[in-house]
Amino acid sequence: MKKIIIGFIAVAALVGCSTLQSIVRSSLPYTATLIVPASTSTGNTHSAVSPASSMDQLFGSNTNAQVKEVRIASAKLSASNPANQNIGAFSSVKLYLSRSDGSGEILVASRTDIGSSVGNNLVLDIDNSRFVDDIIKSNAARIRMEYVLRNKLTTDVSLKASLGFSSVPATAQ
């Protein structure tokens, strides 16, 4: 009887930890700061690349083995410098997620119809048709933004990209 109770507690703890890790993965976004130089020309496609990090990486927690079926759940761009920068200066943006070496790149979010007066925050349309487990579990990811400028910039612009994910617990089979 003791073995059954101990076994039940062990299974409950394992499932509980996986569930908790799934919730953590879902609530801590990956972020990256992307720099768009003032010298960038309008009307052409350009790229900006930055390493992506999440809070669990910063605190040394490795939750990646505890989750599976990771998909993009949300994507947002915010002007961080200057803080009042209108993202309407961009006519389109696409965000790609990949391993730190650029391999396995996947389009995760985009917006092609950015209004000229959208403000300094923009929620992007996500593409959650593919799992991104391999990238997230690689422990080092990067975000690449492809963009087309509508208006000439007067100063370098820093944009913060935030990617949220959904996942399910990886339980022992």
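Mentor: R144 counts as buried, since its relative accessibility is 13%; buried means under 20% relative accessible area, exposed over 50%, and partly exposed in between (1.4 Å probe, protein chains only). Before we go on, a word on the ground rules: this is a predicted model, where local features need pLDDT of at least 70 and side-chain atom pairs count only at pLDDT 80 or more, while totals for chains, interfaces and linings use all residues. Residues are numbered from 1 along each chain as its sequence is written, and side-chain values use heavy atoms, with hydrogens and water left out.

Where does R144 sit? Its place is in strand β8. Strands (E, at least two residues) and helices (H or I, at least four) are DSSP runs, numbered from the N terminus. Leaving aside residues up to four places away in sequence, R144 touches S47, A48, V49, K94, L95, Y96 and E105, where contact means heavy atoms within 4.5 Å. The C-alpha atoms of R144 and A32 are separated by 9.2 Å, although the two are 112 residues apart along the chain.

Now to the side chain. The R144 side chain makes a polar contact with that of E105 at 2.8 Å and another with that of E146 at 3.1 Å. A polar contact is a pair of N or O atoms within 3.5 Å; within protein, one must be able to donate a hydrogen and the other to accept it, and residues adjacent in sequence count only if both atoms are side-chain atoms.

The E105 and R144 side chains also meet in a salt bridge (2.8 Å, N to O), that is, a side-chain nitrogen of Lys or Arg within 4 Å of a carboxyl oxygen of Asp or Glu. E105 lies in the loop between β4 and β5 and R144 in strand β8, so this pair ties together parts that are 39 residues apart in sequence. E105 itself is partly exposed, with a relative accessible area of 31%.

The structure holds four salt bridges. D125 counts as partly exposed at 43% relative accessibility. Back at our spot, salt bridges that share partners join E105, R144 and E146 into one network.

Stepping back, the protein comes to three helices and nine strands. Of its 173 residues, 38% count as buried. Among contacts between residues at least 6 apart in sequence, 82% join residues at least 24 apart.
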